[in-house]
Amino acid sequence: MNNWNKPSDEKTLHIGFDDTDSINGRCTTHLSYLISNMLIRKFQVEFVDFPLLIRLNPNVPLKTRGNGAVCLRIRGRNYEKIKEEITHTIENYSELENGANPGLVFYEGNGIGKDLTSFSESAMDTILSKQLAIKIAIKNNMQFSIFGKGYGIVGALAAIGCLLESDHTFETIAYRSKENIGTNRKTDDFKVKKLSEESYPYTYNNFDIKNNRILITPRGPDPVFCGIRGEDPLITTLFLKNLCIEEELDGYMIFRSNQGTNLHLVKEKSGTNIKPYTAGRITCQVASKPSVINGGHVIFKIKDGFGGMLPVAVYQPTGLTKIASMLVIGDRIEVGYGAHLKSNNQFTLNLEYLIIKELARVYNIRNPACEKCFKNMKSEGKNKGYQCHICKTRIRNSGKIKTEKDRKLKSGLYIPEPIAHRHLTKPSSRYGMEKRFNSMEISYLLRSIKWIKDSGGLI
């Protein structure tokens, strides 16, 4: 049970917001950093959980870069004044002129209702409407504001409803000073690689060894300098500090998140129920021989137990095309997918992970060998036996010889290369490291570490 989800004379204020940025800049996590600083300094609030960074269904067409929403859970006084300040900040910060459509939701309470948690669960793998979000907000006496077209209310509500009581990770995100936004980010690649190796497996997806590429820095004009992802907020923050970044930063903040958990792929679907722009997993059989198309991508069809037939696409950057091309009809597999609509109004399952559950047996079939020459004999026709083309020996009472092929493929889990991971993709290092929410542990961490720091960098 969450430490705020219990009886108390003081109600928790849950603040959810989303869609404040655009492809041209700004960042919803940066806005949450600014708001958190303001709440602590001006209102002396108590945070009862880390700021939550909640990644939603990555297949939604209407989304910005990472489809991430934020929830802040606080206790304090003068909630009405706090709400006014936050509403004003979001309206002034958001990229409204460049297509941002923010949503902001406030909820006062020490428990989250089932309709809110269900809405949040659905937001991880399906498309939800603004109208449904507004309906649920009104039903639960939640105050909300929408700006522009207001699509962000979906993410704002989903962030509040995401309790993160199952598996979760942490990310320490460092923010740039205003004067540096838009300039090149300078990092010591060797140091990033060394720290990644030293902190493994307690940090993940910070350096791609195979492609010798750092993964901690974005490439756009947003205010994020870098983000360090991992299992423990102490370790991710120590990683950041040991980078010895030369650029003077505005500060950093630690988020608790569903990143790296595959939370969008937990629901098992049947082929007949899969809809475009959704995510999930499906247990199925390979139903066609895989084919390689332009670009080195691989396409094959699957069928489930209900007769549904769907194409699966395995793209070259995932590093799984070789494995996919070795599948044969009849292999029993599980596929984690994102369903994408194509121009012909058909949709394809873009593969996010593959589990080979059972390999079909494949056989080499050949004619029998001559007992004298040891060469394969030639068939003389149906039911007429075989003749050796060298010594002319004939046999009539022998059939074809069947030997099982070595598939050179093993059962088990196959996931994409880090360079092809989405925010929610669960990396190989995290399997076996899943964790549950522990309210006492979270409270201790909040009290014992500097989870937010501003002004003057990371000293």
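Strand β10 gives the largest share of the lining of the largest pocket, 4 residues. Helices (H or I, at least four residues) and strands (E, at least two) are DSSP runs, numbered from the N terminus. The model is predicted, so local features need pLDDT of at least 70 and side-chain atom pairs pLDDT 80 or more, while totals for chains, interfaces and linings use all residues. Residues are numbered from 1 along each chain as its sequence is written, and side-chain values use heavy atoms, without hydrogens or water.

**The largest pocket**
- A pocket is an open set of points on a 1 Å grid over the protein atoms alone, where a 1.4 Å probe fits, with protein on both sides within 12 Å along at least five of seven lines; lining residues have an atom within 4 Å of a point.
- Here the lining has 40 residues, and R55, G66, P218, R229 and H423 lie nearest the centre.
- Two or more lining residues come from each of α1 (28–43), β3 (52–55), β4 (68–75), β7 (169–176) and β10 (224–230).
- This pocket lies between domain 1 (12–163) and domain 2 (278–359 + 407–423), because both give residues to its lining; the domain bounds come from an automatic or database domain assignment.

**The second largest pocket**
- Its lining has 18 residues, with I40, V45, F47, L446 and W451 nearest the centre.
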